[in-house]
Amino acid sequence: MRDMSKFADIQIDKAIIKRAARGDARAHEILYRAFATPVYSLCLRFTRVPANAEDLVQETFIEIMRSIGNFRGEAAVGSWIRRIAVTKSLMFLRSAWTARSQTLAEGFDDMTAGDNLSHGISRHPDDAMDLDAALANLPDVSRTVVWLHDVEGYTHKEIAAFMGKTESFSKSQLSRAYQRLKPMLAVTQESLGADGAAAQGY
Amino acid sequence: MSRDEKDEDMIYGLTVDERDALRTGLLGLPETMPPRAVWHRIREQAEAEGLISHPRSRRPSTWYMGGGLAAAAMLVIVILPGRVETPGVGTDAPGFASVPPPVVEIYQPEVNALQALMVESRQLETDLRSLPSEPRVVRAGTQATIIELEDRIAAIDYQLSDPTVQMTQGEQEIFWRERVRLMKSLVRLRYAQAQRTAF
């Protein structure tokens with residue numbers, strides 16, 4: 001797994017982990033302060049709704065408190081916490097899909113395709129939020145797969161395991177997402193090229 | 001190149017440059033901090049479920065008022081006003097020789113001491129906000145000290161803003177002076193923390 005995630009940058013003393021495993025409130029607060037932002041960002045990226053992301057942050061850190069006694073330190077604590085956050089977020093999304101009586105496979109196509117068509121992807125290079133907006137406009141599953149694969153560095157096999165689907169499913173989601181993001185990437189690259197030329201005095 | 005990456009080049013229809021641009025863009029998207037209230041909710045649930053040992057209450061009980069006043073009064077007696085130097089909340093530890101950002105000393109005889117302390121406190125808040133966000137490498141001792149200082153400042157703020165607590169100007173001055181002292185320690189600590197991260 002290529003770990004490009006911001007979780008990987010965060011280092012925590014083993015002493016804090018040990019204290020947290022004993023239920024030390026201060027140690028848990030330190031863990032929270034260190035990881036709250038990446039956990040919240042990930043949950044918000046997946047759900048797009050701040051209130052849902054806040055609930056997921058709460059569920060994630062409560063799960064950390066329940067399970068940290070079993071954490072053996074074989075992986076980095078950041079990877080462990082990220083896995084909990086991803087699992088909680090996917091469970092939430094799955095429950096939302098279930099509530100709408102849709103399967104995971106159809107949910108992403110049918111639920112938000114209309115949104116994408118109506119809003120479209122910003123192609124304006126001056127739009128500071130273009131990538132953010134384009135990502136937000138992707139169907140939930142596609143967006144989640146892009147994030148897990150390209151930012152968190154999970155393989156298709158791992159993503160498939162998270163989602164209870166096949167590797168092909170993960171790959172096809174990524175492919176569809178890329179096709180939707182591609183027009184915006186061309187604009188971004190043109191913009192970057194122009195900026196670069198300007199910076200070099202051309 | 002991993003199998004995944006080979007697959008992507010063949011299947012996903014993006015050039016290497018496009019892939020790089022996308023990844024760079026995604027990694028550069030801003031992160032968002034959760035609202036402060038989220039931690040309070042987590043702590044309350046954790047305490048209710050017995051997942052954490054009961055921390056010292058952040059909301060001071062009545063004893064705190066008397067204790068805080070007594071402690072602050074002792075401080076005022078022992079250390080002359082205007083020369084309050086932090087005895088060091090871990091700030092004199094080896095490798096902690098950072099010089100904190102200059103703090104504007106307020107000395108205006110025509111302004112009463114209480115107002116001067118309030119202005120100094122606001123200045124310290126500004127200094128604190130100007131520092132970079134907390135580093136990703138977290139040291140247990142430093143972080144615990146920061147939390148302790150923030151707790152003590154919060155406790156003082158609670159007392160100062162509690163409408164049911166009637167304080168004389170002298171008592172308010174004692175609290176504000178203690179707040180300034182704690183803020184100075186906090187600024188020094190956060191400044192040193194930021195410097196360690198920078199180098």
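**Ground rules.** I'm working from a predicted model, where local features need pLDDT of at least 70, side-chain atom pairs count only at pLDDT 80 or more, and totals for chains, interfaces and linings use all residues. Residues are numbered from 1 along each chain as its sequence is written, with chains lettered from A and ligands numbered from 1 in the order in which they are written.

**Chain A.** I found nine helices and one strand in chain A (DSSP runs numbered from the N terminus: helices are H or I, at least four residues; strands are E, at least two). Along the sequence the pattern reads β-α-α-α-α-α-α-α-α-α. Of the 202 residues in chain A, 41% are buried (20 or more other C-beta atoms within 10 Å of the residue's own, C-beta atoms being placed from the backbone).

I then checked contacts (C-beta atoms, placed from the backbone, within 7 Å). Among those in chain A with a separation of 6 or more, 66% join residues 24 or more positions apart.

**A:Ile10.** I looked this one up in the segment before strand E1 (11–12) of chain A. A:Ile10 counts as buried because 21 other C-beta atoms lie within 10 Å. A:Phe35 is 25 residues from A:Ile10 in sequence, and their C-alpha atoms are 7.8 Å apart.

**Where A meets B.** Chain A puts 48 residues into the contact and chain B puts in 39. On the chain B side, the elements giving two or more residues include helix H1 (3–11), helix H2 (16–27) and helix H6 (140–161) of chain B. H2(B) supplies the largest share of that side, eight residues.

Key: Buried ≥ 20, exposed ≤ 12 C-beta atoms within 10 Å, placed from the backbone. Contact = placed C-beta atoms within 7 Å.
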